[in-house]
Amino acid sequence: MSLNHPQTSLFDPKTTALISIDLQGFIISMPVAPHPAQQVVENTAAIARSLKAAGGTTIFVTVGFSDDYADAVNQPTDQPTAFPQGGLPAEALREPPEIAALTPDVRITKHQWSAFYGTEMDLQLRRRGIRTVILAGIATNLGVEATIRDAYAHNYAVIAVEDAMTTFSAEMQAFACERIFPRLARIRKTADILANA
């Protein structure tokens, strides 16, 4: 996968928001590839600090449900998601220290893959004058991809940070970044974002 691009201005920090997806206990503890979860956390935190210092917006999104999961999607699938009885424990929802140490402009709890569906994401972005969104998090082709698709459909310019997201295999990451995201976003590395902010 080639991510070599001319070093032109990617975005105006003042009209740009970082959207960080699902960096929380039970997500970052899963086996992931091609990038370790810790690398995704560190790269996301670096982008958040840099963007915020340049006047940008940071939005941290986590997934959560009521204790009885009445607000979770529950339609039949071939690979249903299994949740522990009695609700998600506190450690499942806890952010890693690098993320917890930051103060985002907005926190959003979602109840499905996309951070747009059923949340105030679009309202928060539009009222803050955001035109470009930078996506990072886990998993690339689940929560991140669903949010990228919706951001594109809402007419935001999207930047997908390849080394600030990861999924469950290198093949899944490559398919998303080589086949899907180029039609919806610009794919860049953390260094590209830091050089622009």
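Predicted model: local features only at pLDDT ≥ 70, side-chain atom pairs only at ≥ 80, totals over all residues.
Residues are numbered from 1 along each chain as its sequence is written, and side-chain values use heavy atoms, with hydrogens and water left out. Helices (H or I, at least four residues) and strands (E, at least two) are DSSP runs, numbered from the N terminus.

- Six strands make up an open sheet with parallel pairing, in the order 3-2-1-4-5-6; two strands pair if DSSP finds at least two bridges between them.
- Strand 3 and strand 6 (186-188) are the edge strands, each pairing on one side only.
- On average, neighbouring strands of this sheet are turned by 25° against each other, direction ignored; axes are lines fitted to C-alpha atoms, for helices over the stretch in contact, and angles run from 0 to 180 degrees between N-to-C directions.

- Strand 2 covers residues 57-63, and seven of its seven residues are buried (under 20% relative accessible area, with exposed meaning over 50% and partly exposed in between, for a 1.4 Å probe and protein chains only).
- Thr57, Ile59, Val61 and Val63 sit on one side of strand 2, Thr58, Phe60 and Thr62 on the other, and all are buried.
- Strand 1 (residues 16-21) pairs with strand 2 in the parallel sense over five bridges, and serine 20 has phenylalanine 60 as its bridge partner.
- Strand 3 (residues 106-110) also runs parallel to strand 2, joined to it by five bridges.

- Helix 2 (residues 37-53) lies across strand 1, strand 2, strand 4 (132-138) and strand 5 (157-166), and runs at about 140° to strand 5.
- The 17 residues of helix 2 should span 24 Å at 1.5 Å a residue, which agrees with its end C-alpha atoms being 24 Å apart; the expected span is 1.5 Å times one less than the number of residues.
- Buried residues of helix 2 include Val40, Val41, Ile47 and Leu51.
- Helix 6 (residues 140-153) packs on the sheet too, touching strand 1, strand 4 and strand 5 (contact means heavy atoms within 4.5 Å).

**The largest pocket**

- The largest pocket is lined by 26 residues, and Gln79, Pro80, Thr81, Phe83 and Trp113 lie nearest its centre.
- Helix 1 (25-28) and helix 6 each supply at least two residues of that lining.

- A cis peptide bond, with omega about 5°, joins alanine 33 and proline 34; proline 34 lies in the loop between helix 1 and helix 2.
- Another cis bond runs from isoleucine 138 to alanine 139, with omega near 5°, and alanine 139 lies in the loop between strand 4 and helix 6.
- Tyrosine 69 has a positive phi of about 60° although it is not a glycine, and at 15% relative accessibility it counts as buried.
- Asparagine 155, also not a glycine, has a positive phi of about 70°, but asparagine 155 is exposed, with a relative accessible area of 70%.

Technical notes
1 Å grid on protein atoms, 1.4 Å probe; cavity = no way out; pocket = protein on both sides within 12 Å on 5 of 7 lines; lining within 4 Å.
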